[in-house]
Amino acid sequence: MKAINGMLRVDQKYSLIGNDYLGGFEGSGYSQCENCGKPIANIAMVKGSDDAKTYHIGIDCASTLTSINPNEILQAKKELARKAKFVKFLKTECKTVIISGKPDNDTAWAYSKEVEKWESFWRIRFVYSFWKNIISKLNIRLIVD
Ligand SMILES: [Zn+2]
């Protein structure tokens, strides 16, 4: 198994268990690759086969791990591109987010203009808990419906 000056152990395999995009929001999670130490925006969560620990590494470092299928990397890159696009929307266009007041409902709606209540014009549906941290750092009006 090859790795680029990696800190990850080379005597175990890794599987890709998730991905995350922080969009430059420091402190909202991992911002440095646990393998090469470089700052990362496109994060891959990989799990060791022996130590069962989860490591947050750059998607490029993840693509050098031979135990991970290249198709999985490709899929993760597509998801990361979608997440990056959504973060850009939140940063530049989103004015209002409406969330449900019910604890078992994690669905939220993002609007590109200011609304007072749920409206059916152009909006984006998303899972609130994934983006809660970033939304709280932006100038977005949050409405609990
Ligand atoms: Zn790295």
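Predicted model: local features only at pLDDT ≥ 70, side-chain atom pairs only at ≥ 80, totals over all residues.

Trainee: Okay, what elements does the protein chain have, and how do they run from the N terminus on?

Mentor: There are 3 helices and 7 strands, running β-β-β-α-α-β-β-β-α-β. Those are DSSP runs numbered from the N terminus: helices are H or I with at least four residues, strands are E with at least two.

Trainee: And how is the protein chain divided into domains?

Mentor: Into domain 1 (14-89) and domain 2 (93-144), with bounds from an automatic or database domain assignment. Their centres, taken over C-alpha atoms, are 25 Å apart. The contact takes 6 residues from domain 1 and 6 residues from domain 2, a contact being two C-beta atoms, placed from the backbone, within 7 Å.

Trainee: Switching topic: how many residues are in the largest nonpolar core?

Mentor: 27 residues, with Ala44, Val46, Ile57, Ala62, Val97, Trp109 and Ala110 having the most contacts inside the core. Such a core is a set of buried Ala, Val, Leu, Ile, Met, Phe, Trp, Tyr and Cys residues joined through C-beta atoms within 7 Å. Buried means 20 or more other C-beta atoms within 10 Å of a residue's own, again placed from the backbone.

Trainee: Which element gives the largest share of this core?

Mentor: S5, with 4 residues. Each of domain 1 and domain 2 gives at least three.

Trainee: What is alanine 110 in contact with, leaving aside neighbours within four places in sequence?

Mentor: Cys94, Val97, Arg123, Ile124 and Phe126.

Trainee: Now the sheet. What's the strand order in the open sheet of 4 strands?

Mentor: S6-S5-S4-S7, with mixed pairing; two strands pair if DSSP finds at least two bridges between them. The edge strands are S6 (123-127) and S7 (141-144).

Trainee: How many bridges join S5 to S6?

Mentor: 5, and the two strands run antiparallel. Within S6, arginine 123 stands opposite tyrosine 111.

Trainee: Which strands does H3 lie across?

Mentor: S4, S5, S6 and S7, with H3 at about 105 degrees to S6. Axes are lines fitted to C-alpha atoms, for helices over the stretch in contact, and angles run from 0 to 180 degrees between N-to-C directions.

Definitions and conventions
Residues numbered from 1 in each chain as written. Buried ≥ 20, exposed ≤ 12 C-beta atoms within 10 Å, placed from the backbone.
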